[in-house]
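Dear colleague,

Please find below the structure that I promised to hand over. I would be grateful if you could read the notes that follow it alongside the model.

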Amino acid sequence: MEPIQAEEVPFVIPVIEKPEPLGFFGLIAVVFNGIMSAWEWCFGFTSLLIFLSVLAAIPLFQFLTLGYLLEASARIARTGRIRDGFIGVRIAARAGGFIVGTWLMLLPLRLVSSFWLSAQIIEADGSIARGWDIGLTVLTVLMMIHIALAWAAGGKLRHFLFPFANPILVALKIARGGFWAKSRDAVWEFAASLRLPYYFWLGVRGFIGGLLWIGWPVTLLAFGRKVPVLGFLGALLLMMVMLYVPFLQLRFAVENRFMAFFELGAVRQLFRRAPIALAFAFFITLLFAIPLYLLKIEMIPREAAWLPSLVFILFMFPARILTGWAYGRGMRRETPRNFVFRWTSRFFMLLVTFIYVVIVYFSQFAAWEGIFSLYEQHAFMLPVPFLAM
């Protein structure tokens, strides 16, 4: 019996089609889209920082800011990508466009209103005042219609600045059908994408966990003004605690388990695998926290509370990003580093912690809230100058 011969299949070299050249106008379009995308990202990041600072200045909403910072560093630790820490930048760009566009459209109303008020002061119920009153009423109606159409058209900044196309865009959307259902679903999806309950609960637990570690040595440090021995003991304990708190807090955020706050052995294992990275992140965290104590010297008006909060966010956000990156390096490595790097990093962190604790102790004598300011460890807790704002 003859063996069955396999059918020979001729070898075919795959042909890879070269993409057609973009041409001059295609290249211009690519460059323009890239510039617009970069502008949207920068605008969204700026809006995000402002939103976080405003939330940080409002009691209870402060936990949303802390939760966001914890989640940002946790995502970087999980993935190892820095860009994953900038959560919701595009969403913030859209929300910022809504707010900025609406605010710009209200400026003419404020201008006309000031003219009407001036006319009323000069000649109450005079002909000029009545003319400005009528003009203000007409302009208010037209501006409200324009703002509503700009929102319905998409709410981007161009929809506010170039109003003539908005009625056509909205009419086309209504003609296609399902306009109101799509608008309702879009608003709901936007609200759900913010994940406010998640960030709030993460921030609350992160704050409680950090306070459980920092609270008791800080209390001893505060009693040191009357009993120096307790103050000295509190300073030593605070130095030991602070070596672990930022990484325990991040471990909690990465695993979303409150008991992760007490897994000291896991943090030590991470340190052995990435001692230089973790020591550098720790140094930057404390270094960026020190200048912020200058903003705690005097209480500021509540309506301007978001301004110092913005400075706190600008300093603490990079520190959280860097801590997440360093933590991620420890997660992905399997073998400990050389003992020379480990012990050098340990001594460096001890020196940095000692300098920081000395500064923190003397800061209570210049801070507005005195001894209570010792509990406001913005490097690990809420990124605000005053908890009772």
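The model is predicted, so local features need pLDDT of at least 70 and side-chain atom pairs count only at pLDDT 80 or more, whereas totals for chains, interfaces and linings use all residues. Residues are numbered from 1 along each chain as its sequence is written, and side-chain values use heavy atoms, with hydrogens and water left out.

Nonpolar cores

The largest nonpolar core has 59 residues, and Ile 214 and Tyr 356 have the most contacts inside it. A core here is a set of buried Ala, Val, Leu, Ile, Met, Phe, Trp, Tyr and Cys residues joined through side-chain atoms within 4.5 Å; buried means under 20% relative accessible area, exposed over 50%, and partly exposed in between (1.4 Å probe, protein chains only). Among the elements that give two or more residues to this core are helix 8 (196-223) and helix 14 (339-363); helices are DSSP runs of H or I with at least four residues, numbered from the N terminus. Apart from this core lies another, of 16 residues, including Leu 48 and Leu 64.

Surface patch

A nonpolar patch of about 650 Å² includes Ile 50, Phe 200 and Trp 306. Patches are made of residues with over 30% relative accessible area and no salt bridge; nonpolar side chains (Val, Leu, Ile, Met, Phe, Trp, Tyr) are joined within 5 Å, and like charges within 9 Å. Accessible areas come from the Shrake-Rupley method with a 1.4 Å probe, and for residues only the protein chains shown count as cover. Helix 1 (23-56) and helix 13 each supply at least two residues of the patch.

Ten of the eleven residues of helix 10 are buried, and Arg 251 is one of them. Its side chain meets that of Glu 255 in a salt bridge (3.1 Å, N to O); the term requires a side-chain nitrogen of Lys or Arg within 4 Å of a carboxyl oxygen of Asp or Glu. Glu 255 counts as partly exposed because its relative accessibility is 31%. Just after helix 10, Asn 256 takes a positive phi of about 55°.

Arg 257 forms a salt bridge with Glu 263, with the closest N and O atoms 2.8 Å apart. Arg 251, Glu 255, Arg 257 and Glu 263 are linked in a network of salt bridges. The whole structure holds eight salt bridges.

Yours sincerely
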